[in-house]
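Please open the structure in your viewer and keep the selection panel at hand. This tour moves from one selection to the next.

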Number of protein chains: 4
Amino acid sequence: MKLNESAAGVYVIAVTPFDDNGRIDMESADRMVEFYRGCGVAGLTILGMMGEAPKLDTSEAIAFTQRVVRAAQELPVVVGVSAPGFAAMRQLTVAAMDAGAAGVMIAPPGTVRTDDHVAGYYDQCVTAIGADVPFVIQDYPLASGVVMAPGVIRRIVQAHPSCVMLKHEDWPGLEKISTLRTFERDGSMRHISILTGNGGLFLDFEVERGADGAMTGYAFPDMLAEVIRLQKHGERDAAHDLFDAHLPLLRYEQQPGLGLAVRKSVLMRRGAIRSDAQRAPASRLSATARSEVDFLLRRLARRDPVRAAAFA
Amino acid sequence: MKLNESAAGVYVIAVTPFDDNGRIDMESADRMVEFYRGCGVAGLTILGMMGEAPKLDTSEAIAFTQRVVRAAQELPVVVGVSAPGFAAMRQLTVAAMDAGAAGVMIAPPGTVRTDDHVAGYYDQCVTAIGADVPFVIQDYPLASGVVMAPGVIRRIVQAHPSCVMLKHEDWPGLEKISTLRTFERDGSMRHISILTGNGGLFLDFEVERGADGAMTGYAFPDMLAEVIRLQKHGERDAAHDLFDAHLPLLRYEQQPGLGLAVRKSVLMRRGAIRSDAQRAPASRLSATARSEVDFLLRRLARRDPVRAAAFA
Amino acid sequence: MKLNESAAGVYVIAVTPFDDNGRIDMESADRMVEFYRGCGVAGLTILGMMGEAPKLDTSEAIAFTQRVVRAAQELPVVVGVSAPGFAAMRQLTVAAMDAGAAGVMIAPPGTVRTDDHVAGYYDQCVTAIGADVPFVIQDYPLASGVVMAPGVIRRIVQAHPSCVMLKHEDWPGLEKISTLRTFERDGSMRHISILTGNGGLFLDFEVERGADGAMTGYAFPDMLAEVIRLQKHGERDAAHDLFDAHLPLLRYEQQPGLGLAVRKSVLMRRGAIRSDAQRAPASRLSATARSEVDFLLRRLARRDPVRAAAFA
Amino acid sequence: MKLNESAAGVYVIAVTPFDDNGRIDMESADRMVEFYRGCGVAGLTILGMMGEAPKLDTSEAIAFTQRVVRAAQELPVVVGVSAPGFAAMRQLTVAAMDAGAAGVMIAPPGTVRTDDHVAGYYDQCVTAIGADVPFVIQDYPLASGVVMAPGVIRRIVQAHPSCVMLKHEDWPGLEKISTLRTFERDGSMRHISILTGNGGLFLDFEVERGADGAMTGYAFPDMLAEVIRLQKHGERDAAHDLFDAHLPLLRYEQQPGLGLAVRKSVLMRRGAIRSDAQRAPASRLSATARSEVDFLLRRLARRDPVRAAAFA
């Protein structure tokens with residue numbers, strides 16, 4: 001089923017499992033999907049811009065997409081197709097949609113600057129991938145260097161019915177969510193789904209501001225899902241209590257570069273993947289960092305035994 | 001007294017108090033210093049790169065420095081003197097040291113790129129300010145765009161006896177602290193003080209890695225001081241418990257741009273300054289943001305009544 | 001007299017003369033003004049963003065401005081007042097206008113990103129310097145990192161009557177001149193003066209596209225003035241012949257970093273200043289570079305004996 | 001035959017011919033190779049970083065490489081393989097070398113910062129592509145944002161025997177060539193080939209400084225080849241006379257973005273390709289720009305009738 005503007009909940013940014021020889025571990029891909037399903041995610045996102053996508057060649061990227069989509073079954077899969085040029089973007093989009101993906105996600109390259117450039121870039125994307133492919137705007141200035149004003153996002157949304165979601169990763173960004181929801185209320189922009197990133201660091205308030213959920217890869221997506229659920233049910237303090245219990249680890253995992261090593265290590269220990277191996281250029285946990293993660297997990301086990309009891 | 005490599009504890013990044021007409025509020029400057037003293041800080045840092053320094057003209061910057069130094073009495077004051085050119089840097093340094101400052105802090109401009117450029121830049125700084133002025137390297141790639149390898153910091157430290165401190169704000173940066181302390185242990189670098197920034201977001205582990213303290217402006221510097229004290233006394237869990245209690249607010253305050261508005265608002269409510277006014281370009285808290293800060297303070301009052309009871 | 005939108009011809013970017021001990025050479029400043037006057041310039045620009053402005057402290061900048069304005073007499077002087085903050089911008093603007101400057105020039109800082117940010121930044125500038133001070137937009141993405149769409153320049157021009165000139169330094173930028181002149185013809189933007197920079201590298205065509213002249217510092221401003229005059233009189237081939245004769249040297253002088261050393265060296269040899277000394281950080285001509293400049297000047301003497309005979 | 005450190009002359013950056021429907025025009029690829037051969041080039045470079053490489057998908061890139069290599073026969077072909085990740089780099093390298101390419105060219109991504117990062121990046125490249133594949137360092141800070149100190153280039157050259165060439169595109173860069181040749185003379189670095197880029201804007205002096213030739217795509221590669229030949233034979237004034245005749249057009253073609261449209265237009269008119277079509281995002285010549293190119297070509301025809309008589 002194709003992605004649409006009613007998407008909500010956790011679309012987890014999935015890692016790419018490798019074995020210790022650096023090959024994609026397809027069995028772990030299946031296991032990982034089941035793990036995420038068990039965490040209550042609403043969908044998966046693969047081949048994210050900052051993740052391990054550039055470490056796959058084209059045929060690997062396609063094979064991995066096919067495997068994940070098949071394993072995900074009814075869970076929608078969003079595929080990152082950001083690329084330096086439109087040819088590669090189109091090639092991967094066609095392959096992903098053929099494989100059954102729900103939609104694609106696109107961040108602009110760092111050379112895009114003015115409002116007109118940003119809007120024009122997404123015009124060209126739609127020409128390249130086709131107007132029938134649902135797409136997600138990835139708005140991540142810290143990584144891309146491109147700042148998109150709320151009004152520019154509105155221009156893109158209004159120009160392209162196939163734009164169904166914003167991956168919100170501006171920083172700081174709480175007011176941006178509020179502004180976009182105001183646009184919807186005043187009738188100047190149609191409704192889209194807003195899922196938030198930034199490692200989940202502000203998820204507690206983002207949902208209150210109007211976000212529909214999270215698109216991030218924190219190693220406890222079950223916590224993210226529960227925080228969203230609690231907020232939707234008006235249990236504000238419970239939502240914050242749970243979120244705050246995870247914040248020390250979540251913040252530790254959000255460190256640029258190192259974060260992926262933390263995340264894969266915890267996912268391996270939770271049984272989601274068989275190895276936390278990365279392809280070069282790989283970040284590695286030093287012995288000290290590893291013991292810091294252990295320490296954080298032990299403390300988490302006391303504050304959230306429901307999800308972290310295994311680390312006590 | 002001049003700054004030296006034994007500096008430790010909290011050197012709080014002080015705000016610049018303005019009145020509601022945009023004038024520097026010198027009485028609040030005095031009051032603020034007393035507030036910080038009461039929080040147990042070991043020193044103050046003013047005119048920081050990301051702060052309000054560019055909003056002062058030269059004579060204001062000098063007058064504010066004189067006022068703070070006088071109020072601080074025995075507390076050492078570090079003055080940020082980063083500037084697009086060496087003439088302004090020298091001018092402010094001379095005025096600051098004449099006023100009784102303990103030392104100055106310098107970040108390189110974004111045009112500095114290779115290892116040789118970075119080291120050469122600090123050579124030129126020392127020529128400009130004089131070899132007798134103690135200085136702090138501000139290592140803040142997220143803001144400056146300049147990445148300093150540990151080996152480059154070592155080159156600067158070894159070349160210049162007047163380099164006595166690193167303001168560590170690399171991101172992620174825990175391993176960098178460990179590496180620099182290893183340099184000291186293997187005898188390849190003399191000891192310097194390392195105080196950490198990044199809004200304190202990793203202070204809990206930074207001290208464990210060998211940092212001597214924090215140079216940051218979180219509105220509860222009393223918490224920072226206590227965490228450092230607990231860590232120095234081996235009370236690890238107590239240190240983390242206290243830190244974790246503040247993490248939700250600390251993280252909220254660390255939002256780029258908006259953070260200063262949060263900080264000044266809390267400092268005003270704590271009685272440290274009379275007004276949270278900013279000069280243009282000012283970040284402003286929306287009504288929603290203001291209520292989010294209230295909410296975080298109320299929750300903090302429950303977890304750290306010692307410092308935040310007033311917000312219950 | 002104040003700068004207005006009818007400004008045309010060469011507003012030469014003046015160097016800052018230092019003596020060999022690094023002091024501002026005020027007598028050379030006088031001599032330099034006379035040299036430029038003899039070259040037929042229409043005005044002068046001092047304290048430019050990429051030039052030597054950051055090497056002066058505030059009092060030096062003001063003293064130099066006063067000296068140049070006095071020497072310039074009826075020639076209008078534009079003063080660069082770009083600064084990291086509005087306090088310093090206002091301070092220098094007030095001093096410059098008090099000294100008799102014709103107007104000021106402002107480039108945005110690199111942190112300014114979206115169309116709204118750019119327009120909003122100039123709103124704040126006008127608040128800071130006062131709506132009665134004529135100002136020049138410096139549009140120089142290669143140095144500032146800020147790209148201004150033609151529509152944004154129009155917004156600023158329409159919002160602020162005191163915006164009277166664009167220093168056009170976008171790259172490539174011929175179409176931008178054409179677009180802005182089209183805005184004027186279609187009535188959507190009032191007329192402003194457009195002077196071009198980029199070391200004059202495209203001056204031959206820029207005038208044909210509608211530029212009113214050049215604001216650049218090439219060491220033969222007499223050539224720039226004559227090219228503009230020839231173009232205004234319809235002598236297209238003569239204009240290009242003269243321009244092309246200088247292009248090899250002009251291109252050599254346009255090298256970033258090194259260019260200032262080339263320029264000052266030639267100006268010294270032309271008698272405009274007594275020393276080509278720079279303050280740190282200084283670019284220096286190697287012996288080879290020096291002989292390359294000599295070679296280019298000898299060749300120029302053959303192609304433009306009117307201006308370069310002395311170098312034969 | 002594999003590329004080695006004795007490479008010299010013009011390695012022309014070839015365009016990618018498209019037909020008016022946006023398909024690669026393989027017959028034009030053949031014709032273009034013959035055109036370049038007739039211009040006296042020593043080799044070809046395809047899929048350059050700033051060129052049209054990102055507009056091809058992987059299979060197109062491989063097919064185009066195969067076609068050009070076959071047509072080139074004894075002329076060596078260098079293939080640009082810069083990529084966001086090592087998997088794609090390896091995939092394209094294997095395909096290119098299988099097709100008979102002489103070597104590959106690699107620029108670092110913009111996230112690479114310190115000296116150690118740069119050197120480490122090329123270590124990882126050699127691991128990815130294999131130590132038996134000759135490679136070219138592309139040193140182009142204006143596009144990549146990565147500044148490589150001469151000492152870092154030396155580290156890479158000394159660490160990897162398969163590094164045989166530097167594409168020198170630093171700006172300004174004349175001293176860098178001199179420094180690297182000094183390293184060779186003092187025995188601290190083995191000899192490599194240095195070919196220069198930057199559109200040829202400084203080729204006249206680069207050869208005098210020790211460059212072995214040019215790797216750039218100016219639409220008159222026959223001029224580049226002749227300038228290099230004249231310099232090698234000590235005919236300095238003749239070399240500069242010829243270079244200066246082309247400088248007005250060469251400078252016009254060097255405009256970022258627009259340059260490719262100029263180049264393809266001239267190459268089409270010279271019969272090298274059938275169409276000057278570009279794939280999106282395409283730069284287009286306005287009617288005015290087109291007439292400016294005509295004007296420059298007519299003037300060139302007078303100054304260099306040997307190569308440009310057709311445009312009189």
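**Starting inside chain B**

Select Leu44(B) first: setting aside neighbours within four places in sequence, Leu44(B) is in contact with Tyr11(B), Val12(B), Ala14(B), Val33(B), Tyr36(B), Val68(B), Ala72(B), Leu75(B), Pro76(B), Val77(B) and Val78(B), where contact means heavy atoms within 4.5 Å. This is a predicted model, in which local features need pLDDT of at least 70 and side-chain atom pairs count only at pLDDT 80 or more, while totals for chains, interfaces and linings use all residues. Residues are numbered from 1 along each chain as its sequence is written, chains are lettered from A and ligands numbered from 1 in the order in which they are written, and side-chain values use heavy atoms, leaving out hydrogens and water.

Leu44(B) is also among the residues with the most contacts inside the largest nonpolar core, which has 213 residues; such a core is a set of buried Ala, Val, Leu, Ile, Met, Phe, Trp, Tyr and Cys residues joined through side-chain atoms within 4.5 Å, buried being under 20% relative accessible area with a 1.4 Å probe and protein chains only. Apart from it lies another core, of 212 residues, including Val79(C) and Ile46(D).

**The barrel of chain A**

Now select chain A, where eight strands close into a barrel in the order β1-β2-β3-β4-β5-β6-β7-β8 with parallel pairing; strands are DSSP runs (E, at least two residues), numbered from the N terminus, and two of them pair if DSSP finds at least two bridges between them. Strand β7 (residues 193-196) of chain A is joined by two bridges to β8 (residues 213-214) of chain A, and Leu195(A) has Gly213(A) as its bridge partner in β8(A).

Conventions:
Helix = DSSP H or I, 4+ residues; strand = E, 2+ residues; numbered from the N terminus. Buried < 20%, exposed > 50% of the residue type's maximum accessible area, 1.4 Å probe, protein only.
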